[in-house]
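Subject: Structure handover

Hi,

Here is the structure I promised you. My notes follow below it.

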Amino acid sequence: SLLRAVTAHLRSITEQTPPPALGSSGSAPAVLDQAGTTPNPTEPEEVPRQLSFLVVDDNAVNRLILANLLPKLFPGSHVTEAEDGEKAVMAVVERGAGPSPFDMIFMDLSMPVMDGYTAAAEIRKLSPARVGQVPILAVTAHATMEDQARCLAVGMNQYLSKPVSKPSLLRAVTAHLRSITEQTPPPALGSSGSAPAVLDQAGTTPNPTEP
């Protein structure tokens, strides 16, 4: 595939024609994750409706990154931001009072006022289930076994390491599409058939035998 990609671009140079579009036939893959592999082929346009995300982080830059990536991966989706866990719980309650609660929450763990663990636990107490059982994905730079255990204990569904890559974000969301679109309970953190409990920056599951 590399030879075809180079050949295609050499032809465009010598013949003074536009180079092939990224991802077109004969060119290199449209997106490579940090491990250099082609990400899950599931296409965002397969989502049957517009999605609504809540991004919770006390760092404005981190919120901005996800707020920019999600609509690009899932066109038409809407992103709401909250700067701490308390505001996140309030946003979930307010949104849940209407016809369209959030489809997924990206939750930072270390925040002032109310941390992500407490916020997730409070959200899990909410009813009806379509509000309180929304998929919650932890997003943090700390990926220790203790962090994972705490996430599981409060009912989070998945764990993404910062900085979040586009391929890992796409895989994380599409892994929960069935629970989102069919309004069934999301898979538990690390359970059989669910997405990996922890995704590293390349979107792959780290080797559990490594220190």
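Start with His78. His78 sits in strand S2 (residues 78-82); helices (H or I, at least four residues) and strands (E, at least two) are DSSP runs, numbered from the N terminus. At 43% relative accessibility, His78 is partly exposed. The cut-offs: buried is under 20% relative accessible area, exposed is over 50%, and partly exposed is in between (1.4 Å probe, protein chains only). Setting aside neighbours within four places in sequence, His78 is in contact with Leu51, Ser52, Phe53 and Arg95. Contact means heavy atoms within 4.5 Å. His78 and Phe102 are 24 residues apart in sequence, and their C-alpha atoms are 9.5 Å apart.

Some ground rules. This is a predicted model, in which local features need pLDDT of at least 70 and side-chain atom pairs count only at pLDDT 80 or more, while totals for chains, interfaces and linings use all residues. Residues are numbered from 1 along each chain as its sequence is written, and side-chain values use heavy atoms, with hydrogens and water left out.

Now the whole chain. The protein chain has eight helices and six strands. Along the sequence, the pattern reads α-β-α-β-α-β-α-α-β-α-β-α-α-β. The protein chain has 211 residues, and 43% of them count as buried. Take the contacts between residues at least 6 apart in sequence: 64% of these join residues at least 24 apart. The protein chain exposes about 11200 Å², with carbon and sulfur atoms supplying 56% of it. Accessible areas come from the Shrake-Rupley method with a 1.4 Å probe; for residues, only the protein chains shown count as cover.

Next, a helix pair. Helix H3 (residues 85-96) and helix H4 (residues 116-124) pack at an angle of about 20°, with axes 8 Å apart. Axes are lines fitted to C-alpha atoms, for helices over the stretch in contact, and angles run from 0 to 180 degrees between N-to-C directions. H3 and H4 are therefore roughly parallel (under 35 degrees; over 145 is roughly antiparallel, 65 to 115 roughly perpendicular, the rest oblique). Gly85, Val89 and Val92 of H3 make the contact with Ala119, Glu122 and Ile123 of H4. By class, that contact has four nonpolar, one polar and one charged residues. Here Ala, Val, Leu, Ile, Met, Phe, Trp, Tyr, Cys and Pro count as nonpolar, Asp, Glu, Lys and Arg as charged, and the others, Gly among them, as polar.

Then helix H7 (residues 166-174). Eight of the nine residues of H7 are buried, so H7 is largely enclosed by the rest of the structure. The buried ones are Pro167, Ser168, Leu169, Leu170, Arg171, Ala172, Val173 and Thr174. Ala172 has a relative accessible area of 0%. Ala172 and Leu137 are 35 residues apart in sequence and 8.3 Å apart in space, C-alpha to C-alpha.

Last, the backbone details:

- Ser127 and Pro128 are joined by a cis peptide bond, with omega about 5°. Pro128 is in the loop between H4 and helix H5 (129-132).
- The peptide bond from Lys162 to Pro163 is also cis, with omega near -5°. Pro163 lies in the loop between strand S5 (158-161) and H7.
- Val113 is not a glycine, yet has a positive phi of about 70°. Val113 is in the loop between strand S3 (104-107) and H4. Val113 is exposed, at 63% relative accessible area.

Best wishes
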